[in-house]
Amino acid sequence: MLHVVPKPAAPSTGLARPAAVTGLILTGGGARAAYQVGVLAAIAQLRRDAGVAGNPFPIISGTSAGAINAATLACHADDFDAAVDGLLHLWQGLHVEHIYRADAFEAVKSGARWLSMLSLGWALARWTRSRPRSLLDNKPLRELLGRYLNMDRLEPMLEAGHLRALALTGSSYTSGQHVTFFQTHHHVVPWLREQRMAVQARLTLNHLMASSAIPFIFPAERIDLEGLPEWFGDGSMRQSAPISPAVHLGSERILVIGAGRMKEPEGRRVAATDQHPSMAQIAGHALSNIFLDALSVDVERLRRINRTLALLPRDARAASALRPIDLLVIAPSRRLDDLASDHQASLPQSVRAMLRAFGVTGKGKAMSGSALVSYLLFEPSFVGELINLGMSDTLAKRAEVQRFFGWPARAPQIDPASLRRSRSAGFAAGC
């Protein structure tokens with residue numbers, strides 16, 4: 001089962017109980033991952049107000065765009081505030097051209113290849129020898145991360161004890177395995193479950209690119225797995241237990257930052273029409289399933305295990321291989337699909353034209369295909385709203401956050417917008 005792990009030894013009599021090892025789960029979701037940065041910024045502020053030093057997350061697990069945020073925190077584990085400042089600086093300055101080729105020629109070329117494949121079938125593809133690897137070219141993302149993030153800093157962070165472990169996940173198109181790659185100096189027995197496995201490795205930019213390769217949209221990345229090359233895509237695919245890596249790596253309490261659905265209001269219910277759903281609607285629905293649903297199921301599974309353990313007598317609980325995990329979940333309180341529909345116009349015209357070809361139509365609340373847009377909308381207006389929402393949602397749970405970490409509850413009221421400005425002003429990112 002997910003949470004069957006060796007129990008830590010009890011503390012010696014007369015000694016103060018050591019602080020619980022805290023793990024952080026950062027999920028996928030493309031542009032939606034900006035929400036995580038807002039949550040982290042609010043946590044950094046609450047931590048400063050409490051007068052607490054050190055890295056609050058010695059174990060970090062990231063998937064897809066969350067893997068990029070996770071790697072940034074890990075590479076700066078010796079200065080959590082600087083790591084969060086770097087993320088703010090990075091995300092606030094993003095435009096789609098920093099993530100994928102968005103000029104008119106590239107967008108039309110990518111879209112035309114796929115539309116010709118879908119409309120005229122394999123015969124045309126064979127005739128033209130057109131074999132598109134993905135809808136969009138994410139070379140700009142590789143270039144950005146190459147400048148921004150130095151993965152070689154992981155080793156010094158682990159050696160100095162600022163970080164216990166970093167885990168990044170990917171899904172192999174070659175073998176069908178869901179793989180967690182982790183780097184640590186602690187003794188961890190790699191786990192193996194049905195169609196998912198863990199491998200200790202020295203993490204690189206290639207692992208980040210693989211974990212964030214959204215299916216169909218971005219190309220796969222080749223990584224060696226146990227001595228053989230395999231092609232990997234987004235780590236959210238086939239991820240049946242997103243919380244599992246943090247548990248196996250030794251977390252005793254876990255903060256999960258979601259990217260939608262768990263706390264959002266229910267979606268709009270509309271009357272059925274004779275019009276078939278567009279490719280954009282279907283793609284958005286599929287991506288939401290890939291990025292969001294497994295996390296909700298795993299959170300409920302962990303809570304159910306905790307409730308069951310609480311019902312057991314103390315002796316039975318002590319004899320069990322299971323152990324309770326303190327869990328805190330912070331997820332958007334607004335529907336990010338609707339939020340994206342308000343900012344779709346900020347996308348470059350070439351990208352909007354390509355998305356229209358796939359069925360993104362309408363404006364505002366009446367827009368069709370907004371879920372798909374929410375994963376690709378790397379523009380300051382949308383990103384800024386997500387960051388502010390993450391801050392607001394976290395500050396609304398101030399007392400719960402303080403109890404989770406054991407921090408003193410003496411933080412003043414903070415305005416999220418001014419917090420974002422003050423923390424990011426003048427910061428220049430770099431590893």
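Aromatic pairs and the annotated active site

The structure holds eight aromatic pairs, and the model in which they are found is a predicted one. One of these pairs joins tyrosine 100 and phenylalanine 218, whose ring centres are 6.2 Å apart and whose planes meet at 45°, so the pair is classed as tilted; planes under 30 degrees apart would count as stacked and those over 60 as edge-to-face. Tyrosine 100 belongs to the loop between α3 (80-92) and α4 (104-128), while phenylalanine 218 belongs to the loop between α7 (205-211) and β7 (221-225), so the pair ties together parts that lie 118 residues apart in sequence. Both tyrosine 100 and phenylalanine 218 are buried.

Elsewhere, ring pairs link Phe57, Phe80, Phe404, Phe405 and Trp407 into a cluster. Phenylalanine 404, a member of that cluster, also has a charged group over its ring, namely the end of arginine 253, which sits 5.6 Å from the ring centre. Another arrangement of this kind involves arginine 32, whose charged end sits over the ring of tyrosine 375 at 4.8 Å from its centre.

From the rings we turn to the annotated site. According to the UniProt record, an unreviewed entry, the annotation "active site" covers Ser64 and Asp234. Although these residues are spread over 171 residues of sequence, they cluster in space, with a largest C-alpha distance of 5.7 Å. Of this set, Ser64 is included in the lining of the largest cavity.

Serine 64 is placed in the loop between β2 (59-63) and α2 (65-75), and its relative accessible area of 1% makes it buried, because buried means under 20%. When neighbours within four places in sequence are left aside, the residues in contact with serine 64 are Gly28, Gly29, Ser211, Ser212, Asp234, Ser236 and Phe291.

Aspartate 234, for its part, lies in strand β8, which spans residues 228-234, and with a relative accessibility of 0% aspartate 234 likewise counts as buried. Again leaving aside neighbours within four places in sequence, the contacts of aspartate 234 include Thr63, Ser64, Ser171 and Ala210, together with Ser211, Ser212, Ala213, Ile214, Pro215 and Phe291.

Definitions and conventions: Residues are numbered from 1 along each chain as its sequence is written. This is a predicted model: local features need pLDDT of at least 70, side-chain atom pairs count only at pLDDT 80 or more; totals for chains, interfaces and linings use all residues. Side-chain values use heavy atoms; hydrogens and water are left out. Rings of Phe, Tyr and Trp (its six-membered ring) pair if their centres lie within 6.5 Å; planes under 30 degrees apart count as stacked, over 60 as edge-to-face and the rest as tilted. Helices (H or I, at least four residues) and strands (E, at least two) are DSSP runs, numbered from the N terminus. Buried means under 20% relative accessible area, exposed over 50%, partly exposed in between (1.4 Å probe, protein chains only). A charge sits over a ring if NZ of Lys or CZ of Arg is within 6 Å of the ring centre and within 35 degrees of the ring normal. UniProt positions are given in the numbering used here, feature names are shortened, and annotations may be inferred rather than shown by experiment. On a 1 Å grid over the protein atoms alone, a cavity is a set of points where a 1.4 Å probe fits but cannot get out, and a pocket is an open set with protein on both sides within 12 Å along at least five of seven lines; lining residues have an atom within 4 Å of a point. Contact means heavy atoms within 4.5 Å.
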